[in-house]
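Here is a walk through one protein model, from its core out to its surface. Keep the structure open as you read.

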Amino acid sequence: MNLFNRLHKNHMNLFLFVIILFWMKTYITYLIEFNLGIESGIQHFLLFINPLSSTLVFFGIALFFKGKGQTTVLMTMNIALSILLYANVVYYRFFSDFITIPVIMQTKTNAGQLSDSALSLMSPFDIFYFLDSLILLGLILKRIYIPTVKAESKKAALIIATGLIVFFLNLALAEKDRPDLLSRSFDRTYLVKYLGTYNFTIYDGIQNVKSSSERAMADSNDITEIENYIKSHPTPPNMQYFGKAAGMNVIYISMESLQTFIIDYELNGMEVTPFLNSLTRDNHTFYFDHIYNQTGQGKTSDAEFIMDNALFPMAQGAVYVNKAQNTFHAMPAILKSHGYTSASFHGNYKTFWNRNEMYRSMGYDEFFDAEYYHLTDENTKNYGLKDKPFFDESIPLIEKLPEPFYAKFITLSNHFPFKMDEWDTDFPMAETNNNIVNQYFQSAHYMDEALEQFFYDMKKTDMYNRTVFVLYGDHHGISDNHNEAMSEIIGKEITPFEFLQLQKVPVFIHVPGLETENAESKLGGQVDVRSTVLHLLGIDSSKFIDFGSDLLSESHREIIPLRNGDFVSPQITMINEKFYDTESGELVEEPDDFKEFAEKARVQLERSDEVLQKDLLRFYKPKGFTPIDREDYQYIHPDEEGD
């Protein structure tokens, strides 16, 4: 209290004390919560000073006010910035990423349905992130912090000017250490490391405004450049398989959070995914075990987007939320031109991830959401209907679809935090000291059983033998916050290279009647699946804006861009600007020969981003393709039609 009494004698000393508390809280948070890859003294110095600039600017605004207005603004700034910091902490604990403006917008569509995941990431010790707010509140209530009677505009201007000077010094040093920093908007780790969470949020807001203006300024010349780029990187189909599934139905199944490491994994001598394991040995199944997930912040919706559109997702936010009004040449629209009906099946409500709007732009004829299913407390998780009743109740719905059809099933039981109801499984948990990891094996096994039952039920119909089944893992389920437990599971240390290997997601393409045993499993990404399936159906993907590369093609491209700017190739892998030998995982000391790989990956991401940001497909009309008019599509349950 003596300290506060001494500070009380000088209002500005107390004001600066509040600034220092907030600054130090933010710096400590960076050190204990975020893995920012600090590698040098200058980077550590920048991490130390970058919270100061934004703190001075935002808190300095309070001095433009007098009396209660001053304390109100100061308290509001403190709490608002503390909430932003803590939101990033919770988000990072699962996604190893930082919140962007579009992600904040997404909470409007997904709020409440992800509460279990968020609560599992919180801790009582998190009160630390609001400790300085409580101290400030106590100082105000006890009248130790007494606002000035008059506004202190000169001091406010001086503090804000100091904050801006610190920011530009920070930026200059950052650009020297990491040239072209602000052009790497897809790499949020770099931006936060050099600029801090608060400055990054401002930068992100500016980028979103810029994106809107880019669309307004775009014209048909922009898509011509993209078309020329695509045509200069062709991947002709493998004629051994081209058209072998022509006219067949197509069913996509999104396998929630399923990572490739779980395939053929045994826990206590028992296979975790026996059904999927059997598909890896099936002569009518192409199994790709070197596919990397390329999702961004949209996770499951990003995976859907990639599979349907063969474009990369957004660097910030989710296409499903932020670009749902764009023009797309998606799988439903492409197949509609070949006589297909399309439908999506999901045990959650149609507004989740804004699907009811996005599906209209992609041309889905039907959307069977939670309203079409019988939901009870016993057969639902926080995200909707569990997988077994979901597939069971979907069979009568899919039997009513006109053939040929393109159908997509979105599973959700194997979702973080993976906790299962005891009546749903008797499969054991793993035995690490981490419940999240332990529970993953139970929920993955449950999903595997649901998939097996679905295949069995389909075989009882007359549709099975004329249907192509595409099963894909949508994104990783276990973040790097659980590396210690995962190292026990895979039996090796989780280095950055090994963590990237855990980003592999399994892809199965099952074609009844087609012999696949001689097909080679290529290195690829999710963006490669669409052209692979189209070619199996006998549809040439080259007339579309498609950033994928047919996995069955003898000319398949094997430089795989990841959404954060990293890439994988058969020879070299880049992670956070470091190069690793893809075979051994060892660091490569002289990577100059491989920088052209990084450039190729970067250009792919940038070209795809340009298509999305400028909505360029509105200018592109492939021959024989009928564009979608989203006004033709509405997803209204029959019971609602009379309302």
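A nonpolar core is a set of buried Ala, Val, Leu, Ile, Met, Phe, Trp, Tyr and Cys residues joined through side-chain atoms within 4.5 Å. Buried means under 20% relative accessible area, exposed over 50%, and partly exposed in between (1.4 Å probe, protein chains only). This is a predicted model: local features need pLDDT of at least 70, side-chain atom pairs count only at pLDDT 80 or more, and totals for chains, interfaces and linings use all residues. Residues are numbered from 1 along each chain as its sequence is written, and side-chain values use heavy atoms, with hydrogens and water left out.

The largest nonpolar core has 109 residues. Ile-251, Leu-276, Phe-345, Phe-409, Phe-441, Phe-454 and Leu-471 touch the most other members. Helix H4 (residues 67-95) gives the largest share, twelve residues. Helices are DSSP runs of H or I, at least four residues; strands are runs of E, at least two; both are numbered from the N terminus.

Take Ile-251. Beyond its neighbours within four places in sequence, its contacts (heavy atoms within 4.5 Å) include Ile-398, Phe-405, Phe-409, Phe-454 and Val-470. Another core lies apart from the largest one.

Now the whole chain. The protein chain has 22 helices and 17 strands. Its C-alpha trace spans about 85 × 60 × 55 Å along the principal axes. Buried residues make up 59% of the 643 residues. Of the contacts with a separation of 6 or more, 77% join residues 24 or more positions apart.
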